[in-house]
Amino acid sequence: MNRKKLVFSIIIGIIFIIGIVSFYTTFSLNEEYSFGSDIYSIKGGNILNISPNTDVSLFYQYFDLENCTLKVVDRNQKEITSGYVFNHSMTLLYNKDDKVVATYTNIVKGDMNSDGMVNQDDISLFGQYLVGNNSFSLDLDMDEDKEVHVNDLILLDKAMNEDYQELMVEKEEYLLQSNEKVRIKYKVKPSYGKNTNLIWKSLDSNVAVVDSAGRVIGKNPGETKIILRTSDKKLVKEVKIKVDNTIQLSQKEGIAYIGGDSLEIGIKSVDYEDITCSSEKVEIADCEIQGKKLVIKQKNQGSTNIVVTSKKYGNVTFYLDVMSVYLNVMPKYLCSTPGNVQLITVSAMNSGEYSFAISNYDVISSAEMQVYNGRNMLRINMGSIPGRATLAVKESHGYQSNQITVDTYKLSIPAIGGVGNVGKDLETNIVGENLGTLTCLSQDESKATCEIKGTKLVVHPLSIGQVTITVKNSYLFREESYSCGSADYLVVIREGKE
């Protein structure tokens with residue numbers, strides 16, 4: 001394949017992968033102005049993680065501005081209104097009086113000739129730089145080790161001459177209410193090279209809409225999918241959007257301690273009229289609604305449910321444990337495989353010696369308290385049999401922690417791959433014990449789609465090539481779905497036969 005063709009078909013997002021890791025950062029310049037972004041990060045007066053081929057208009061969309069405006073300018077302070085954001089251009093932040101309050105240097109890694117793109121010309125210039133001056137330069141430090149060396153050139157050249165590897169999203173499903181906004185956070189591998197800005201589409205704009213920066217707005221109750229793909233259609237991803245106007249809480253369970261502070265839980269609703277609460281056991285705890293918060297006052301040791309009700313938008317339950325001694329185990333749910341070891345945190349105050357209550361010793365063989373780096377940790381040793389078990393920590397004064405629920409499972413696809421023809425389905429068995437809900441995901445739906453039928457994976461080949469199908473296992477615990485393990489199946493697709 002032609003080298004230039006590879007260059008311009010592969011490079012998709014120089015630093016987006018790093019930008020997505022620092023999901024949201026707000027920088028307060030003073031009490032009046034703020035400057036933040038879901039994608040980019042700011043360090044030492046530089047805006048980092050800008051991908052090549054990033055249009056100026058798209059660049060603007062990623063920033064949330066309050067009482068100020070933003071302009072991208074060249075080295076002569078001339079505003080750039082069209083084209084690409086190029087390396088060492090500047091971003092200026094103006095206040096409401098049109099005065100500059102901050103100046104940032106835009107860093108597009110690998111863009112040696114500052115044209116906003118990364119191609120073979122930059123590779124050549126990069127090589128010349130290494131020969132002539134091996135000093136540190138932020139825009140050439142591809143592996144971020146604060147040095148510039150041959151490995152950085154290798155990374156850039158490799159990304160420019162290999163196909164895209166993966167398009168990933170932070171979450172595959174979002175729950176919104178009408179008029180609620182969320183930005184879909186994503187990253188593309190490899191992280192160095194040309195960025196073909198993603199194309200976004202909502203399959204049902206009556207339920208939710210999406211803009212070119214991946215910002216989604218919930219419209220009406222229902223479900224839809226947001227499709228994001230590279231402009232060359234090589235990478236495609238789906239994100240499920242559910243719009244549900246039923247009342248929601250910021251958390252669904254909690255622990256309170258006798259004599260301690262009241263619990264305050266955030267309430268989310270389309271509007272906040274006629275919201276009430278009630279405790280199923282008033283001798284354990286009382287509650288009241290204060291604006292957009294549920295306030296719980298604990299009375300006696302025990303457990304109760306707090307029900308929050310809206311006349312318009314239904315009700316939701318908060319699970320409350322009231323304890324006399326601070327003894328808390330996190331997380332409340334985990335999944336593992338037989339024979340594995342899990343370490344989780346135990347927070348304790350005024351407690352004595354520890355013991356453990358285990359519901360099934362075949363699933364959880366034993367548990368013990370250990371100290372790691374000065375922290376109390378609970379070591380849970382999984383047994384040899386897949387299944388569900390519970391564990392609680394007890395201490396010598398007679399108090400017990402919250403209960404942990406543990407699922408152990410086995411999941412595999414014996415046939416690690418298969419060869420099929422376009423238009424003819426492939427089937428393979430999924431093997432496992434104590435499996436939850438099985439779903440499948442095609443890494444390239446232009447090549448093939450998939451579905452689960454009982455314990456079989458069914459692949460529908462669509463076009464010639466190869467694609468990885470991932471089977472995922474998940475469990476439902478207190479109305480929350482937890483992803484627990486996966487297995488991959490590689491499909492090679494040949495031309496269909498009549």
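**Strand S33**

I began with strand S33 (residues 400-408), where 7 of the 9 residues are buried, so the strand is largely enclosed by the rest of the structure. Buried here means under 20% relative accessible area, exposed means over 50%, and partly exposed is in between, with a 1.4 Å probe and protein chains only. Strands (E, at least two residues) and helices (H or I, at least four) are DSSP runs, numbered from the N terminus.

I then looked up the neighbours of S33, taking two strands as paired if DSSP finds at least two bridges between them. Strand S27 (residues 333-336) runs parallel to S33 and is joined to it by 4 bridges, and leucine 334 has valine 406 in S33 as its bridge partner. Strand S32 (residues 387-395) runs antiparallel to S33, with 7 bridges, and here alanine 392 stands opposite glutamine 403.

**The model as a whole**

I noted that this is a predicted model, in which local features need pLDDT of at least 70 and side-chain atom pairs count only at pLDDT 80 or more, while totals for chains, interfaces and linings use all residues. Residues are numbered from 1 along each chain as its sequence is written, and side-chain values use heavy atoms, with hydrogens and water left out.

The pLDDT, which is the predictor's confidence in each residue from 0 to 100, averages 84 over the chain, and 87% of the residues score at least 70. Over residues 1-31 the pLDDT is below 50, although this stretch has 111 contacts in the model beyond near neighbours in sequence; a contact means heavy atoms within 4.5 Å. I found 5 helices and 42 strands listed for the chain, and 46% of its 498 residues count as buried.

**Salt bridges**

I looked next for salt bridges, each defined as a side-chain nitrogen of Lys or Arg within 4 Å of a carboxyl oxygen of Asp or Glu, and the whole structure holds 15 of them. Lysine 472 pairs with glutamate 172, with the closest N and O atoms 2.8 Å apart. Lysine 472 lies in strand S41 (residues 465-477) and glutamate 172 in the loop between strand S9 (166-169) and S10, so the pair ties together parts that are 300 residues apart in sequence. Lysine 472 is partly exposed at 24% relative accessibility, and glutamate 172 is partly exposed at 34%. Both belong to a network of salt bridges that links Glu172, Lys237 and Lys472.

I also followed lysine 225 and glutamate 238, whose side chains meet in a salt bridge of 3.0 Å, N to O. Lysine 225 lies in strand S16 (residues 222-229) and glutamate 238 in strand S17 (residues 236-243), so this pair ties together parts that are 13 residues apart in sequence.

Most residues other than glycine have a negative phi. Asparagine 49 lies in the loop between strand S4 (46-48) and helix H3 (56-61), and it counts as buried at 3% relative accessibility.

Asparagine 179 likewise has a positive phi, near 75°, and sits in the loop between strand S10 (173-176) and strand S11 (181-183). Is asparagine 179 buried or exposed? With a relative accessible area of 60%, asparagine 179 is exposed.
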